[in-house]
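This briefing is meant to be read beside the sequence and the coordinates.

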Amino acid sequence: MLSVREALDTLLACAVPVADVEQVPTLEANGRVLALDQASTIDVPSADNTQMDGYAVRAADCINGGASLRVAQRIPAGTVGAPLEPGSAARIFTGALIPPGADAVVMQEQCEVQGDNVVIRHTPKAGEWIRRTGEDIVAGATILAAGTRLRSQELGLAASVGLATLPVRRRLRVAVFFTGDELTMPGEAPGGQLAPGAIYNSNRFTLRGLLENFGCQITDYGIVPDSLDATRATLRAAAREHDLIITSGGVSVGEEDHVKPAVEAEGQLNMWQIAVKPGKPLAFGQVRREEGGGSSFFIGLPGNPVSSFITFLLFVRPFLLRLQGVSGPVEPRAYQMRADFSLPKADRRNEFLRVRVNAGGGLELFSNQGSGVLTSTVWGDGLVDNPPGRVINEGDIVRFIPFAELQY
């Protein structure tokens with residue numbers, strides 16, 4: 001079996017970003033991956049302006065700490081004031097341009113209005129509370145690099161320099177299907193009662209939700225019968241127009257596990273079985289396209305709900321990000337935290353334990369770490385990445401990966 005590190009390296013070495021680029025409105029680019037560097041054509045701020053509501057003054061007029069200055073003008077944001085005469089002040093509001101001649105702003109809390117004058121109860125320094133031209137962005141500077149996955153803050157930054165559209169890589173086209181004659185969809189059981197041996201197909205909901213988080217275009221082929229012919233036919237159909245095919249179930253070694261031989265018949269497997277708990281039976285390969293040549297990537301996830309969820313987070317997520325064109329780190333950040341639990345028995349595989357953060361800043365362990373216990377993923381805040389062969393004693397520092405770092 002491959003280690004988690006070896007498996008991830010194998011996946012990422014094969015990931016080739018989609019080449020197609022499209023121009024989309026900046027308002028609609030959330031979650032997309034930038035295809036080209038973006039530079040600003042303007043300075044930000046475009047001119048000196050005030051950070052505060054207050055009074056624009058000449059610092060030289062306020063050296064005694066109690067200067068009384070005539071209020072000569074009022075400058076709201078969006079207007080341009082007249083040059084400031086010596087011995088006068090301008091009432092000014094946040095974001096308004098500094099009038100020529102002024103070199104400081106005194107916040108209104110340090111001022112006292114007396115008739116047509118204002119008394120400055122402060123000795124300002126030149127430049128105080130002034131945003132200088134270009135102090136955030138200089139015209140010509142690259143503000144966003146190609147390969148950036150756009151979040152709300154990147155969209156705001158693009159808008160701040162006037163970028164109405166952005167060049168992004170097209171959305172990934174992902175096909176999904178689920179194997180297992182025992183699977184039933186919620187709402188389909190006669191009278192609301194599951195037949196003996198039947199289970200609800202929770203993985204369909206979990207995996208589709210995860211793929212939607214990453215902005216994929218999803219084709220759902222539903223539940224495929226447990227037969228080699230049906231599995232092969234679905235793989236061929238999915239390969240025609242999709243970048244990636246994801247399956248759940250059927251990748252183990254049982255007589256009714258048809259996904260592995262089906263992929264080998266329709267393409268090839270590069271990887272199968274990983275030393276990870278939960279989730280050992282994970283497959284990766286390619287499925288040939290019948291027309292036009294080429295192939296679709298294939299990832300077969302385990303059928304157990306927790307195994308499917310965790311292997312998606314650990315392996316599919318970074319692979320998706322690379323296919324989307326993300327050029328920076330695609331592995332989640334981990335944090336060193338205190339274990340407020342013990343794990344006295346080491347496993348030979350790399351374990352990913354469902355835990356949550358307690359009020360004391362430590363980590364609590366869910367009582368049942370079984371691969372079918374989906375409640376652990378809802379109860380928990382994330383995973384402890386526990387290396388093979390490691391026993392955990394209460395108080396040990398462990399590697400914690402929050403779900404917030406894994407699901408988006």
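Glycine 360 sits in the loop that joins strand S23 (350-357) to strand S24 (362-365), in what is a predicted model. Because its relative accessibility is 55%, and the cut-off for exposed is over 50%, glycine 360 counts as exposed. Although 20 residues separate glycine 360 from aspartate 340 in sequence, their C-alpha atoms lie 9.3 Å apart in space.

**Backbone geometry in loops**

- Most peptide bonds are trans, and most residues other than glycine have a negative phi; the cases below depart from one or the other of these patterns.
- The peptide bond from valine 44 to proline 45 is cis, with omega near -5 degrees, and proline 45 belongs to the loop between strand S2 (38-39) and strand S3 (49-50).
- A cis peptide bond also runs from lysine 277 to proline 278, where omega is near 0 degrees; proline 278 is placed in the loop between strand S19 (276-277) and S20.
- Tryptophan 129, a residue other than glycine, has a positive phi near 60 degrees and is located in the loop between strand S9 (117-120) and strand S10 (130-131). With a relative accessibility of 29%, tryptophan 129 counts as partly exposed.
- Glutamine 273, likewise not a glycine, has a positive phi of about 75 degrees, and its place is in the loop that links strand S18 (267-272) with S19.

**Helix H4**

- Helix H4 covers residues 228-239, twelve residues in total, and spans 16 Å from its first C-alpha to its last, which is close to the 16 Å expected at 1.5 Å a residue.
- The buried residues of H4 are Ala230, Thr231, Thr234, Leu235, Ala238 and Ala239; seen down the helix axis, they fall within an arc of 160 degrees, and they therefore line one face of H4.
- The elements against which these buried residues pack include strand S13 (173-179), strand S16 (217-224), strand S17 (244-248) and helix H5 (259-266), and strands S20 (283-288) and S21 (295-301) are also among them.

**Cavity and pocket**

- A search of the whole structure for cavities of 30 Å³ or more finds one, and the largest cavity has a volume of about 70 Å³.
- Among the residues lining the largest cavity are Arg32, Arg169, Arg170, Arg171 and Phe214, and by class its lining has two nonpolar, three polar and four charged residues.
- The largest pocket has a volume of about 660 Å³; of the 25 residues that line it, Arg149, Arg151, Arg317, Pro329 and Tyr408 are the closest to its centre.
- By class, nine nonpolar, eight polar and eight charged residues make up the lining of the largest pocket.

Definitions and conventions: Residues numbered from 1 in each chain as written. Predicted model: local features only at pLDDT ≥ 70, side-chain atom pairs only at ≥ 80, totals over all residues. Heavy atoms only, no water. 1 Å grid on protein atoms, 1.4 Å probe; cavity = no way out; pocket = protein on both sides within 12 Å on 5 of 7 lines; lining within 4 Å. Points joined across faces, edges and corners; volume = space filled by probe spheres on them. Nonpolar A, V, L, I, M, F, W, Y, C, P; charged D, E, K, R; others polar. Helix = DSSP H or I, 4+ residues; strand = E, 2+ residues; numbered from the N terminus. Expected span 1.5 Å × (residues − 1). Buried < 20%, exposed > 50% of the residue type's maximum accessible area, 1.4 Å probe, protein only. Arc of directions from axis to C-beta. Contact = heavy atoms within 4.5 Å.
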